[in-house]
Amino acid sequence: MSNIADEIIKTIKYAIDEKAINCDRTYKSVIKDITPKGYVVLDNKGSKRTVQCFIPDLKLRKTQVVWVKEPMGRLADLHICGIVGK
């Protein structure tokens, strides 16, 4: 009986983990650099990524803390979606 319960729990955990992968993630990051291609920020794992800011006419600066969004778990679509206020 214990083995069946363990298998059910593993199956539920797997389903929850898979669902979490396929959702938007928003987290804080910091602008490390500004290049002609965009803003260099750190992703969720600490790697540098060059991204665009989706807030029109907003000028950002180095060391500014921002919100970045990773839609549906796709790092290629990572973008700045807000500024972290104090």
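Author: Here it is; keep in mind that this is a predicted model. A place to start is Tyr 39, whose bridge partner in S3 is Val 51.

Reader: Which strands does that pair belong to, and how many bridges join them?

Author: Strand S2 covers residues 38-42 and strand S3 covers residues 48-53. They are joined by 4 bridges and run antiparallel.

Reader: What holds paired strands together in general?

Author: Backbone hydrogen bonds pair the strands of a sheet, in either a parallel or an antiparallel way.

Reader: Back to this one. What do the strands close into, and in which order?

Author: A barrel of 5 strands, in the order S1-S2-S3-S5-S4. The pairing is mixed. From one strand to the next, the twist averages 55 degrees.

Reader: New topic, backbone angles. What is the phi of Asp 57?

Author: About 60 degrees, so a positive phi, although Asp 57 is not a glycine. Asp 57 sits in the loop between S3 and strand S4, which spans 65-70.

Reader: Is Asp 57 buried or exposed?

Author: Exposed, since its relative accessible area is 79% and the cut-off for exposed is over 50%.

Reader: And Thr 63, where does that lie?

Author: Thr 63 is also in the loop between S3 and S4. Its phi is near 70 degrees, again a positive value in a residue other than glycine.

Reader: Buried or exposed for Thr 63?

Author: Thr 63 is exposed, with a relative accessible area of 63%.

Note on methods:
Residues numbered from 1 in each chain as written. Predicted model: local features only at pLDDT ≥ 70, side-chain atom pairs only at ≥ 80, totals over all residues. Heavy atoms only, no water. Pairing = 2+ DSSP bridges. Helix = DSSP H or I, 4+ residues; strand = E, 2+ residues; numbered from the N terminus. Axes fitted to C-alpha atoms, helices over the stretch in contact; angles between N-to-C directions. Buried < 20%, exposed > 50% of the residue type's maximum accessible area, 1.4 Å probe, protein only.
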